[in-house]
Amino acid sequence: MRHWLSTPFRTALLICSLGTLLSVPAYADRLQEQRRSYDQAMQALKAGQHDRYRQLLGGLRDYPLTPYLLLEDLKQRSKSASHREIEDFLLAHGDLPAAQGFKQDWLLRLAREQRWEQLLRNYDSDSQNAAIDCVVTEHRWDQGQQQDAMQKAAELWTVGRSQPNTCNPLFERWRAAGGLTEERAWERIRQALLYRQDALASYLVRYTPQRKALAELFVASASKPAEQLGNHSRYRSNDPQQQALLTEIVAVSLRRLGRDDAPRALALWPHYRDLPFSAEDRQAIARDVGVRMAKRFAPQAASFMAENDPQMHEDSVSEWRVRLALRGGQWNIARELTSQLPPTLASQSRWRYWQLRSQQLATPQIGEMLQDYALLAQERDFYGFLAAERTQQPYALNHRPAEVTPQAWNRVNQMAGIRRAREFHARGQIVDARREWYHASRHMSREELIAQAKLARDMEWHFPAIRNISQAQYWDDLDIRFPLAYQQPILHHARERQLNSTWVYAITRQESAFMADARSHAGAMGLMQLMPGTARETAQRYRIPLNNPNDVLIPDRNIALGTAYLSQLQGQFQGNRVLASAAYNAGPGRVRQWTRGIGEMPADVWIETIPFDETRQYVQSVLSYAVIYGDKLGIRQPVMESHERYLQGAQ
């Protein structure tokens, strides 16, 4: 029997879940009244008008956001509120995202007041809060659990960052009991230096009295590797134990130098290659130096990576060894390397494709390999779609709507966090709504995540729906994953700029997943993630009104600007969506740099060897998403048009 819910039935359940026998109009009137009362109550609290607050609270007992009022009240009375009152609140509303910091402060207060029974009753050992972990560990030491406490103290101390001051009493006790050895101090110095916490590493030198000179050299070398590693002789010793430590210093220092100046690290390598590095250190050096050089297409990077990871244990190193061979047209080497990849990589559609493709490029007489490509064409991704085109098969879209039982739907719909998120959403407080929505999903089962995704889809709240269905790892519901959101403005502006609507949809889906108020860490804004400068210049060039920088967040305005800029890039790159998509993500200057001197190169090879991991995945996603949106819009959209399949190098 198929357990799924039609949209009308889901709507009926939503209405029933409101927990009221009022008619819908009467409920709506009461809800509006509660919203006004909630706002007034919050204002009264913040103004210190507690009588007015308590008067309004009486009519808000069943309002979803009332816990925020209770929390604000408790915060204001945190020093006078009883521990029982706080504990009761957390038992009832501990799922409130805003309550987490309040709870941690309260637990520390319980520790100061020696209320251990109540603290332990509310302590979550998985909270990853070092301040609380330290005071609880010290208490357990007091209770006679010294061995376990010593072990936990060692774990808390041996990290590459500073810990809260509340941990100091535990650490002092642990050191006094002999827990801190020079070996452990050395390990923490190593971790701190890898995390670039140089001041912490310098402080820790005091705990290595027998190795003080080496520890000081460690800090100096890792902090200024280009300056220090030039003196090769200081890292040599006839004492095997000392040489092991010196080798570790060189490994960390080369790794740090590789991240900042890979050519300099590579130039220094001949002076240190004979040191007794561990296999793990060699692989890390190959990653931090070799991969960075490979992304510059440096010829010596291939041999460097092969020397330090010959068995192909480090995935990023193995992948870039193949990519360098592809970029250089060394098809036989690429074929050989793809055949040696570990199973975790070899089973991926990416490397299944390149194993076949490199065989064809190395030995053209091998033919079309239709049977092999046909197996790969069953995958719904960039490589599967390319394989489908090679075998002239339909794309394996494999759309299967997700199904949810009525029980799972009801459980999700009745969750307090979901009810609060929906109310915030209805009030237009979208950031607060998302915070509640994401927080609620933390402990959901897979079926509940799917139900949450379908609920968000019914609300036309596309980004959370896409996020939830991805968390559930249910990839086959293409209606949730690839909605036809903002259809009218996208189709209109795509047509106005003579762009493929499938491409505009794919760019928008990749950029923001239809989060209209999206803001990136770099400052990009809106559905098509425009940087402020780009938006301003595009508005001027195409005479698109932009009176205020925040107007970029208006969906229609954002799409107008985004499609105009996309049209500009398409013109710059002779109508080639491959290059224009890369330019939309990484900038046209970088794309011209990456195409300089390539001659004529197959587009799939160029895409695979894009130096920026983000841009490579971006281009592949955009091209494959366009295929999916082509199916949704009834447009035949290949992965690449005929004129896009070979790229000419920039001059």
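Tutor: Happy to! In this predicted model, helix α32, residues 501-512, and helix α38, residues 613-633, have axes that come within 7 Å of each other and cross at roughly 125°. Angles over 145 degrees would count as roughly antiparallel and 65 to 115 as roughly perpendicular, so α32 and α38 are oblique to each other. Their crossing is right-handed. On the α32 side, the contact is made by S501, T502, W503, Y505, A506, I507, R509, Q510 and E511. Facing them from α38 are Y618, S621, V622, Y625, A626, Y629, G630 and L633. Sorted by class, this contact between α32 and α38 holds 10 nonpolar, five polar and two charged residues.

Now set a second pair beside it. Helix α31, residues 487-496, packs on helix α34, residues 555-572, with the axes 9 Å apart and an angle of about 30°. Because an angle under 35 degrees counts as roughly parallel, that is how α31 lies relative to α34. The crossing of α31 and α34 is right-handed. Here P489, I490, H493 and A494 of α31 meet D556, I559, A560 and T563 of α34. By class, the contact of α31 with α34 has five nonpolar residues, two polar ones and one charged.

Methods:
Residues numbered from 1 in each chain as written. Predicted model: local features only at pLDDT ≥ 70, side-chain atom pairs only at ≥ 80, totals over all residues. Heavy atoms only, no water. Axes fitted to C-alpha atoms, helices over the stretch in contact; angles between N-to-C directions. Helix = DSSP H or I, 4+ residues; strand = E, 2+ residues; numbered from the N terminus. Left-handed = near helix turned anticlockwise from the far one by under 90°. Contact = heavy atoms within 4.5 Å. Nonpolar A, V, L, I, M, F, W, Y, C, P; charged D, E, K, R; others polar.
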